Amino acid sequence: MPNTLEKVRAREPIASERSPLGFPVRMIEGEATLGSITDQIGDIPIQHPHKTFWLMGFVLSIMALGIFGIAVVYLLYRGIGIWGVNIPVAWGFAITNFVWWIGIGHAGTFISAILLLLNQKWRTSINRFTEAMTLFAVICAGMFPLLHLGRPWLFYWLLPYPDMMTLWPQFRSALVWDVFAVGTYFTVSLLFWYLGLLPDLATLRDKTSGARQKVYAFFALGWRGSAIHWERHQMAYLILAGLATPLVLSVHSVVSFDFSIALVPGWHSTIFPPYFVAGAIYSGFAMVLNLMLPIRKIYHLENLITQRHLNAMGCVLLATCWMVAYGYISEAFMAWYSGEVFERYVMFNRAFGPTYGWAFWVLVGINVIIPQAAWSRKVRITPVLLFFAALSANAGMWLERFVIVVQSLHRDFLPSSWGVFKPTIWDWLTLGGSLGLFFTLLFLFIRYLPMISITEVRELIAFKEESRL
């Protein structure tokens, strides 16, 4: 156990070293040692500090999860008619929430897999947290296509299983593509997260006793930290990182095909796959910041999640923000350049329409303009300012998906087919309830598992000590 002096030193706000351009460079602040890092991270799930905060958040999440359960039960009893969906807007909040949650899950794989292959060490203190966030977001996302089926108990019809009538799924259906894309993404992300967690589970096993030790020992799979264990672990970790990397591009590209393959003005565009991928990473990094910054403050992790991490994530947030903005500009330009009257009308109606025109300008304001504050280094390294910039981006990305889904559908080719989507209370309860499911899983993760990789942070300290020799 670290003594009081070590704990105080680990929590002292130490001025970060700067690069010649003025950017923070230190990935670990204070006089951290291998033992102090193990105790600081491992004691959070073992000793459970800040019980009041955790209990309050968990109770609120459980209440929201209960609301989600009520909404789902009533949906199964009455059908999707309780939502605001109708003709011509047959897709409403459910598909909006699905695309939004899938996008949030992209930051974890990007940070863990791509930055690992690029040997970016600043990922070390945040990769475990983002990987868990990915799993929880994908679980939330997977609920909505099933609920939108109308008969979710027949979801297995989407799977290519052998049956007596030799019926197979329609592989030209975008819904089947989503099943395979999301299923693959969740499976690889789960394996990648669990494989990285193995050494830390063994550490917690050795630091506890009783029933908890047996549980950690069971999931540690007999990890002893031998040379052969580490060799196979690192090899498998790199292989899974290589498999997960193309998933960052493929999964949300497949989701974008749900729209771009349709002959619907506002959807039928080749910009959608890269546009959706950039938006997914954008919203994912924004959600990581919105979750990580409060937890960093409450659990006193400033020495591990330093200004270097905040600055790097703020830079990625700004870069992906401009990619999304380029997608908006490209959509408007191609609608004008194509000369297609329907495409031109959809873009004009999106910006100046009497029903949803306001949503487009609010979207531009909170999704493009406000995050431009990240150009300032002070904003990128100031937790409060960065938190609100990320919160604005998250709200904007949800509103963007709403505009894409609803605004493109509510005015069909014939004026006689026009309609207005009005979300009902059950639409809002389902959205809020999905947040309850997400935060319930997140609080359980914080309570029982190390939210930062102990072994990878110890590697940073070991490399730092070797460089001094």
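Not counting residues up to four places away in sequence, Gly314 touches Ala374, Arg380 and Leu386, where a contact means heavy atoms within 4.5 Å. Gly314 is found in helix α11, residues 307–338; helices here are DSSP runs of H or I with at least four residues, strands are runs of E with at least two, and both are numbered from the N terminus. With a relative accessible area of 0%, Gly314 is buried; the cut-offs are under 20% for buried, over 50% for exposed and in between for partly exposed, using a 1.4 Å probe and protein chains only. Ala211 sits 103 residues away from Gly314 along the chain, and the two C-alpha atoms are separated by 42 Å.

All of this comes from a predicted model, in which local features need pLDDT of at least 70 and side-chain atom pairs count only at pLDDT 80 or more, while totals for chains, interfaces and linings use all residues. Residues are numbered from 1 along each chain as its sequence is written, and side-chain values use heavy atoms, with hydrogens and water left out.

On to confidence. The mean pLDDT of the protein is 86, and 94% of its residues reach 70 or more; pLDDT is the predictor's confidence in each residue, on a scale from 0 to 100. Helix α16 (residues 425–448) has the highest confidence, at a mean of 94, and helix α1 (residues 4–11) the lowest, at 42. Over residues 1–15 pLDDT stays under 50, and the model has 13 contacts beyond four places in sequence for that stretch. Where pLDDT is low, the predicted coordinates should not be read in detail.

The expected span of a helix is 1.5 Å times one less than its number of residues, so the 25 residues of α15 (residues 383–407) should span 36 Å, and the end C-alpha atoms, 35 Å apart, agree with that. Helix α15 is also mostly covered, with 18 of its 25 residues buried. Trp398 and Phe402 both lie in α15, 4 residues apart, or about one turn of the helix. Trp398 counts as buried at a relative accessible area of 13%, and Phe402 is buried too, at 8%. Gly365, meanwhile, is found in helix α13 (residues 357–369) and is buried at 18% relative accessibility. Gly365 and Ser392 are 27 residues apart along the chain, with their C-alpha atoms separated by 9.0 Å.

Rings of Phe, Tyr and Trp (its six-membered ring) pair if their centres lie within 6.5 Å, and planes under 30 degrees apart count as stacked, over 60 as edge-to-face and the rest as tilted. Trp54 and Phe58 form a stacked pair, 4.8 Å centre to centre with 10 degrees between the planes. These two are 4 residues apart in helix α3 (residues 51–78), so about one helical turn separates Trp54 from Phe58. Both Trp54 and Phe58 are buried. Trp398 and Phe402 are stacked as well, at 5.8 Å centre to centre and 15 degrees between the planes. An α-helix has 3.6 residues a turn, so residues three or four places apart point the same way. Elsewhere, ring pairs link Trp91, Phe259, Trp267, Phe272, Tyr275, Phe276 and Tyr328 into a cluster. Arg447 lies over the face of Tyr448, 4.8 Å from the ring centre; the rule asks for NZ of Lys or CZ of Arg within 6 Å of the ring centre and within 35 degrees of the ring normal.

As for cysteines, the count comes to 0 disulfides, a disulfide being a pair of cysteine sulfur atoms within 2.5 Å. The closest cysteine sulfur to that of Cys315 belongs to Cys321 and is 13 Å away, too far for a bond. Cys315 is partly exposed at 35% relative accessibility, whereas Cys321 is buried at 0%.

The peptide bond from Ile87 to Pro88 is cis, with omega near 10 degrees, and Pro88 is found in the loop between α3 and α4 (93–104). His50 has a positive phi of about 55 degrees although it is not a glycine; His50 lies in the loop between α2 (34–47) and α3 and is partly exposed at 33%. Leu221, also not a glycine, has a positive phi of about 55 degrees. Leu221 lies in the loop between α8 (210–220) and α9 (227–260) and is exposed, with a relative accessible area of 57%.
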